[in-house]
Amino acid sequence: QTSPGMEQPSPGKIFEKMSSVLLFAFQGTFGALQSTLSKARRSVLREHSATGNGLPRANGGDGGESPSATSKRARISMGAGVSGAVAGSKLILRQGPESFVSTDEEGVSDVASFEIGMDSKDTAERAERKLKSEVKHGYKRVLFMRHAQATHNVSFDFNNEKERDAKLTAKGLSQVARAKARAEADGVLSEVIQSTKLLVVSPLSRTMQTSHVVFGEAKNIKRRVVLDLVREELSTHQCDRRSPLKTVLNNGFIQDADYSMMRSKWPAGAVQPFNRNDEDDMFWNAHYEQKHRHGVKTKVFGTVRHGLPRAWRTYVEPTAEIEARCDMLLEWLMEQPEENIAVVSHANFLHSLFKAQARRVKRIAPLEAHAMVKRWDNAEMRCMYLGEAREDD
């Protein structure tokens with residue numbers, strides 16, 4: 001019974017609420033089951049790898065290494081199935097003495113120390129000495145940033161054609177502006193942004209919009225490069241499907257951008273397009289057409305659309321393939337002449353990159369490794385150092 005003056009909820013509203021609750025309860029149960037099965041599968045793969053039992057290769061061949069073993073070798077040697085990688089190199093990402101900017105769900109940015117792996121009494125000078133003791137001379141400083149809130153982050157209707165190449169919301173634009181302001185107010189991070197010479201951006205609209213707000217007027221940047229290599233984890237979701245190339249070139253988000261390497265930098269170990277259409281998103285198309293290839297993960301998502309629950313299955317890029325992209329990115333960054341670089345990308349791609357690197361540094365810096373795998377917030381920035389590990393690492 002409602003109180004006097006309170007509006008009685010309509011049956012449609014009640015049904016919508018109940019549908020939403022049941023749908024997300026189903027998603028949570030199914031997600032937990034998927035996680036359990038995935039862990040069991042990885043355990044079996046590790047056992048097969050350890051005992052030398054042959055499993056199908058990622059490309060469908062018979063025998064040879066398991067996908068997990070291939071992925072591990074690629075992470076360490078950077079030479080397994082990755083076109084253009086340097087065999088035998090040991091690149092690692094390490095935390096520097098700088099801060100990072102994190103944006104919470106309410107759009108409030110904050111500047112905090114990312115030095116969870118260091119004692120609170122460590123100064124920036126001691127942090128830098130520690131870094132130099134663990135990374136060979138010639139390391140690069142890389143500012144990684146996730147895009148701000150986009151429309152698909154609100155609607156959760158990832159598979160709707162209307163969400164293709166999702167754009168930033170008004171709140172997302174505000175998040176980026178606030179993150180930039182807080183970074184500029186922090187002396188260390190301000191110096192990082194002002195020292196950036198190379199900007200690397202995913203071709204999806206939400207990352208290009210984010211980079212435009214933060215770096216659009218920065219005169220210190222000498223090169224702006226758009227790369228499919230740093231795009232979001234491939235899925236069959238419309239929100240991760242790039243707009244036609246003509247739209248990308250005409251959107252005006254990034255002035256004087258270099259698109260010449262956008263599609264050419266792609267590891268041989270990842271999905272390869274059959275049709276190299278310059279206008280369409282050939283990597284998304286290739287993933288969709290080959291969504292039943294070995295290693296592709298399946299997940300169930302859902303939302304409420306027009307008052308009715310909608311659920312669907314999506315097919316997600318294999319772990320070995322996205323980690324091959326991560327490896328190639330680090331190698332490519334090390335090959336560039338610039339020492340101060342910024343990369344604007346996506347939550348799942350950055351999580352894959354940092355998770356693989358956390359495994360690399362876990363033995364020498366367990367607390368730092370734990371900090372690296374935390375969830376990426378909207379418009380979050382993390383300043384890292386990239387270099388070749390010393391031999392005793």
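Q: Is Y139 buried or exposed, and what is its relative accessibility?

A: Please note at the outset that this is a predicted model. A residue counts as buried when its relative accessible area is under 20%. Y139 has a relative accessibility of 18%, and therefore counts as buried.

Q: How many residues does the protein chain have, and what share of them count as buried?

A: The protein chain has 393 residues, and 50% of them count as buried. In this chain there are 12 helices and 10 strands. Among the contacts with a separation of 6 or more, 73% are between residues 24 or more positions apart.

Q: How are the rings of Y139 and Y385 arranged as a pair?

A: Planes over 60 degrees apart count as edge-to-face. The planes of Y139 and Y385 stand at 75°, with the ring centres 5.2 Å apart, so this pair is edge-to-face. It is one of 7 aromatic pairs in the structure.

Q: Where in the chain do Y139 and Y385 lie?

A: Y139 is in the loop between helix 3 and strand 4, whereas Y385 is in strand 10. The two residues are 246 residues apart, and the pair links distant parts of the chain. Y385 is buried as well, with a relative accessible area of 9%.

Q: Which arrangement do the rings of W284 and Y288 show?

A: Planes under 30 degrees apart count as stacked. For W284 and Y288 the planes are at 15° and the centres 5.4 Å apart, so the pair is stacked.

Q: How far apart are W284 and Y288 in helix 9?

A: The general idea concerns the helical turn. An α-helix has 3.6 residues a turn, so residues three or four places apart point the same way. W284 and Y288 are 4 residues apart in helix 9, which means a separation of about one helical turn. W284 is buried, at a relative accessible area of 4%, while Y288 is partly exposed, at 40%.

Q: Which residue lies over the face of Y288?

A: K291 lies over that face, at 4.1 Å from the ring centre. A second case of a charge over a ring involves R382, whose charged end sits over the ring of W376, 3.9 Å from its centre. W376 also belongs to a cluster with F144 and F354, linked by ring pairs.

Q: At what angle do helix 5 and helix 6 pack?

A: Two packed helices are described by the angle between their axes and the distance between the axes. Here helix 5 (residues 170–185) and helix 6 (residues 187–195) pack at about 110°, with axes 5 Å apart. The two helices are therefore roughly perpendicular to each other. Helix 5 contributes A183, E184 and A185 to the contact, and helix 6 contributes G187, L189, S190 and I193. These residues divide into 4 nonpolar, 2 polar and 1 charged.

Q: Why is helix 7 said to be largely enclosed by the rest of the structure?

A: Helix 7 (residues 205–215) is described in this way because 9 of its 11 residues are buried. Among the buried residues are M208, V214 and F215.

Q: What value does phi take at D165 and at A379?

A: Phi is near 50° at D165, a positive value in a residue other than glycine. For A379, also a residue other than glycine, phi is positive and near 60°. D165 lies in the loop between helix 4 and helix 5, and A379 in the loop between helix 12 and strand 10. D165 is buried, with a relative accessible area of 0%, and A379 is likewise buried, at 0%.

Terms used
Residues numbered from 1 in each chain as written. Predicted model: local features only at pLDDT ≥ 70, side-chain atom pairs only at ≥ 80, totals over all residues. Heavy atoms only, no water. Axes fitted to C-alpha atoms, helices over the stretch in contact; angles between N-to-C directions. Parallel < 35°, antiparallel > 145°, perpendicular 65-115°, else oblique. Contact = heavy atoms within 4.5 Å. Nonpolar A, V, L, I, M, F, W, Y, C, P; charged D, E, K, R; others polar. Phe/Tyr/Trp six-rings, centres within 6.5 Å; stacked < 30°, edge-to-face > 60°. Buried < 20%, exposed > 50% of the residue type's maximum accessible area, 1.4 Å probe, protein only. Lys NZ or Arg CZ within 6 Å of the ring centre and 35° of its normal.
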